[in-house]
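Student: Could you show me how to read salt bridges, nonpolar cores and cavities in a protein model?

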Amino acid sequence: MSATSARILGLRTAHPGLPLSQDELYETFYADFYRDVPGAEEIFKSTQVRTRHMAWDPREHFAGPTVPSMSQRMSGWEESVLALGAETVGAVLKGVDTADVGSFAMASCTGYAGPTPEILLAKEFGLPTHLRRTFVGHMGCYAAFNVLKVGLDSVAARPGELAIVSCCEVCSLHVRPEMTKEQVVVHGLFADGAAALLLGPDDGAGPAILRTHTETHYATSEAMTWRVQDDAFRMTLSPYVPSILARTVEPFVENLLRPMGLSSQDVKHWGIHPGGPRIIDLIGASLRLSEAQLAASRHILASRGNCSSATILLVLEQLLAGERGEAPRPGEFGVLMAFGPGLTMESTLVRF
């Protein structure tokens with residue numbers, strides 16, 4: 001793929017409610033919930049998440065004798081996604097002539113409803129009735145790249161139009177009474193969050209999206225799964241995922257950068273999807289990144305948890321703000337990457 005002529009004109013993120021303390025959540029809910037799982041506390045806290053935002057506080061929604069039905073969970077998803085979507089999309093549209101918006105691509109893997117949320121958000125903000133809309137469901141933590149590519153293609157095909165890219169995830173709906181170590185990890189990692197981007201042609205200010213690259217490792221397709229069950233969505237997560245990613249990430253990054261005449265040494269800023277601490281550790285070691293280059297990813301893991309598809313955009317926001325290190329200077333390069341079921345690796349090259 002050749003260089004993409006599109007720029008990020010706006011980025012906004014949002015979370016439901018106030019941050020919840022991981023230690024307090026464990027002491028007041030998960031300690032009893034996982035009382036029959038050996039080593040549950042150590043496993044739960046090894047996620048290195050310190051605070052999370054959750055639309056459904058498990059102490060309120062899952063402490064009773066019965067768990068919410070799938071119907072109740074989907075109603076909760078629709079309510080939360082529309083609220084988070086309105087907050088983030090409304091923010092990137094401030095000062096924008098909505099008649100200039102030609103495409104709207106939205107991702108969420110934590111629920112389903114029709115009309116899909118982007119239709120209702122388009123109606124709320126008075127977007128054109130001929131708006132091109134795409135809803136991406138169930139692709140998991142890498143889905144931000146899929147909706148980003150829809151937005152990039154839209155801007156490339158119609159450079160006179162703007163494109164909205166949105167990710168909204170409500171993972172807290174899917175607590176399941178399954179007493180396994182794997183589910184302790186899952187329920188210790190995931191949280192709720194949203195982000196929206198406004199994309200436009202490469203004729204103004206803002207980070208430029210230069211290239212994207214995808215690789216799917218079919219042999220490891222069952223290493224990470226996300227399936228609909230009768231009671232809730234259920235995730236499986238092999239402990240070997242970080243090692244698989246670490247073994248393959250160097251050639252993956254090389255395949256992203258080589259067509260642009262670049263190598264990893266030319267990239268100063270890195271956003272690694274914080275799927276867990278071992279993913280950050282092992283990928284950082286494989287790419288020989290400094291702690292400063294990993295700081296944004298570590299901060300998001302600790303302060304927000306894994307918000308599925310929205311997470312990499314939370315990391316990008318941190319990089320742009322320079323709150324965990326030196327803010328990018330004009331002309332410097334950045335690489336963003338995320339991973340999910342498939343086992344799929346997604347990436348993009350950014351010039352700040």
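Tutor: We will take the salt bridges, then the cores, then the cavities. This is a predicted model, in which local features need pLDDT of at least 70 and side-chain atom pairs count only at pLDDT 80 or more, while totals for chains, interfaces and linings use all residues. Residues are numbered from 1 along each chain as its sequence is written, and side-chain values use heavy atoms, with hydrogens and water left out.

Student: How many salt bridges does the structure hold?

Tutor: A salt bridge is a side-chain nitrogen of Lys or Arg within 4 Å of a carboxyl oxygen of Asp or Glu. The structure holds 19 of them, and one joins the side chains of E118 and R133, at 2.7 Å from N to O. Because E118 lies in helix α5 (residues 117-124) and R133 in strand β5 (residues 132-137), this pair ties together parts that are 15 residues apart in sequence. Such helices (H or I, at least four residues) and strands (E, at least two) are DSSP runs, numbered from the N terminus.

Student: Which residue does K149 meet in a salt bridge?

Tutor: The side chain of K149 meets that of E346, at 3.0 Å from N to O. K149 belongs to helix α6 (residues 143-157) and E346 to strand β13 (residues 344-351), so the pair ties together parts that are 197 residues apart in sequence. K149 is buried, with a relative accessible area of 19%, and E346 is buried as well, at 2%. For another case, take R298 and E291, whose side chains meet at 3.0 Å, N to O; here R298 is partly exposed at 24%, and E291 is partly exposed at 49%. Salt bridges can also be linked in a network, as they are for R176, E178, D231 and R234.

Student: What should I look for in the largest nonpolar core?

Tutor: A nonpolar core is a set of buried Ala, Val, Leu, Ile, Met, Phe, Trp, Tyr and Cys residues joined through side-chain atoms within 4.5 Å. The largest has 43 residues, and I283 and M337 have the most contacts inside it. Helix α8 (residues 241-257) gives the most to this core, with eight residues. Apart from it lies another core, of 39 residues, including F62, A122, L131 and V175.

Student: How many cavities of 30 Å³ or more does a search of the whole structure find?

Tutor: On a 1 Å grid over the protein atoms alone, a cavity is a set of points where a 1.4 Å probe fits but cannot get out, and lining residues have an atom within 4 Å of a point. Grid points are joined across faces, edges and corners, and a volume is the space filled by probe spheres set on the points. The search finds two cavities of 30 Å³ or more. The largest holds about 250 Å³ of space and is lined by 23 residues, of which C171, V186, F190, W226 and M235 lie nearest its centre.

Student: Which elements each supply at least two residues of the lining of the second largest cavity?

Tutor: They are α6, α11 (311-321) and β13, and the volume of this second largest cavity is about 80 Å³. Its lining includes I8, F145, L316 and T348.

Key
Buried means under 20% relative accessible area, exposed over 50%, partly exposed in between (1.4 Å probe, protein chains only). On a 1 Å grid over the protein atoms alone, a cavity is a set of points where a 1.4 Å probe fits but cannot get out, and a pocket is an open set with protein on both sides within 12 Å along at least five of seven lines; lining residues have an atom within 4 Å of a point.
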